[in-house]
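Open the model in your viewer and keep the selection panel at hand. The tour below goes from one selection to the next.

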Amino acid sequence: MLATRASTAKRLARSFATVVDTRASGVKVAAVDHGQPTTALTFLVKAGSRYEPSPGVAHTLKNFAFKSTAKRSTLGTVRESELYGGILSAGLSREYLTLTAEFLRGDEAFFSSLLTSVLATPKFLPYEYSEYVLPVVRDESTCASQTPNTVALEAAHALAFRSGLGAPLLASPHTPVSLESVKAFASSAFASGNVAVIGTGIDSARLAELVDKAFAEAPLPSGSSSSSTSSKYFGGATRIDSHTGPQTVFIGFGTTAPSAALAVLANHLAPSPALKWPSIPPSSTTLTPVYLPYSDAVLTGILVQGPDTNGVKDAAKTLVDRLKKPLTAEALKSAVARTKFDAAVSVENRESLILAIGKKIFSNADSSLESILAELDNVDAAAISKTVSELTKVTPTYVTVGDVNALPYADEIGL
């Protein structure tokens, strides 16, 4: 199965190797088509939280997606999409805002026009802001604040990078976001230099033609690509008292020099089981690898979660001991194989594929699966040893969420 999936992924990687500059709009497009019966278009915008002028603006802008535009009301957008059987969705990361439409082949012209109008002619109506947008923003923020792993990773980003990538992904109830600030951010972010269009289930030439036509009807202002302060890693520790969810510890490290060895190391420290349903009951304490690559930095580490503080402490200590021990040849081979499999599977997922293509579009980096697998093949024991040495020389990023009176401090687990 690994060979089959890797072979499929290699074909996908080759098919999006070329980025096309549209002639009229100046917006870059890329597409991959492997014969599926559905098509998806994603408008990728450099409007993630690292680019926002004040906390929560990007999160609020994301929730204005598919509201009233010069061409359609919110109800009109939903009803027309339903008539085509399409699905609309919006997403937000620290680097990108994504607007996606999924639909049956043949309906590309309608949905490319719809997505274009969302970027080019949003109305930002006050009543939609107060009645529809803000309630969803509050609910998403409240839900995130009650999810320990999300709380831990948000705190970890703030410790690791402070500003830029350290900016909170979600709005805070303590920092109100005004409608005017959202409109101003959208005005600067929704420019041709910040937008790329990525398609699956569509030919790149056809996509370029549709994008040019849509932006000719509703042009974006010209503008240079958004910029942010270059990331710098700091690290640190924080303890967050929480009475919901499992006891949580995040042990992590950041770097501004990404390498394939970091991904392999994360897989080694918290290996996934080979059996989905093992006959032996799993431990109540879980280890989840975290590997978050960004355009100019990486945050990597392990989330340790369990129902009691003693179990989490023991697991965290074992994890740190494992980090400091050299890998055996067998352990290295297994970790590399799992990492390659994860990379191959990821490009079968639309969301991961879009991010991989987006990285290529905005940075002109070679982000094909073939290049990733080649880098992983070159990871040896010396590379892992060097990576561990470099990570352990800097301040770790250490976060505890739960019973802070009982959860361990960093020095108590050997950090």
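Begin with the lining of the second largest pocket in this predicted model: by class, this lining has 14 nonpolar, 9 polar and 2 charged residues. In total, 25 residues line the pocket, and the space in it comes to about 640 Å³.

To centre the view on this pocket, select Ser141, Leu170, Ala171, Ser172 and Pro173, the lining residues that lie nearest its centre. Next select α5 (126-145) and α6 (148-161), the elements that give two or more residues to the lining. Which of the elements gives the most to this lining? It is α5, with 8 residues.

Now select the whole protein chain. Its secondary structure comes to 14 helices and 11 strands. Of the 415 residues in the chain, 49% are buried. Switch to a surface view: the chain exposes about 19300 Å², and carbon and sulfur atoms supply 55% of that area. If you display contacts between residues at least 6 apart in sequence, 82% of them join residues at least 24 apart.

Colour by pLDDT last. The mean for the protein chain is 87, and 89% of its residues reach 70 or more. Select residues 1-6, where pLDDT stays under 50 and the model has 6 contacts beyond four places in sequence. Then select residues 8-17, where the pLDDT is also below 50; this stretch has 23 contacts in the model beyond near neighbours in sequence. Where pLDDT is low, predicted coordinates should not be read in detail.

Technical notes
Residues are numbered from 1 along each chain as its sequence is written. This is a predicted model: local features need pLDDT of at least 70, side-chain atom pairs count only at pLDDT 80 or more; totals for chains, interfaces and linings use all residues. Side-chain values use heavy atoms; hydrogens and water are left out. pLDDT is the predictor's confidence in each residue, from 0 to 100. Contact means heavy atoms within 4.5 Å. On a 1 Å grid over the protein atoms alone, a cavity is a set of points where a 1.4 Å probe fits but cannot get out, and a pocket is an open set with protein on both sides within 12 Å along at least five of seven lines; lining residues have an atom within 4 Å of a point. Grid points are joined across faces, edges and corners, and a volume is the space filled by probe spheres set on the points. Helices (H or I, at least four residues) and strands (E, at least two) are DSSP runs, numbered from the N terminus. Ala, Val, Leu, Ile, Met, Phe, Trp, Tyr, Cys and Pro count as nonpolar, Asp, Glu, Lys and Arg as charged, and the others, Gly among them, as polar. Buried means under 20% relative accessible area, exposed over 50%, partly exposed in between (1.4 Å probe, protein chains only). Accessible areas come from the Shrake-Rupley method with a 1.4 Å probe; for residues, only the protein chains shown count as cover.
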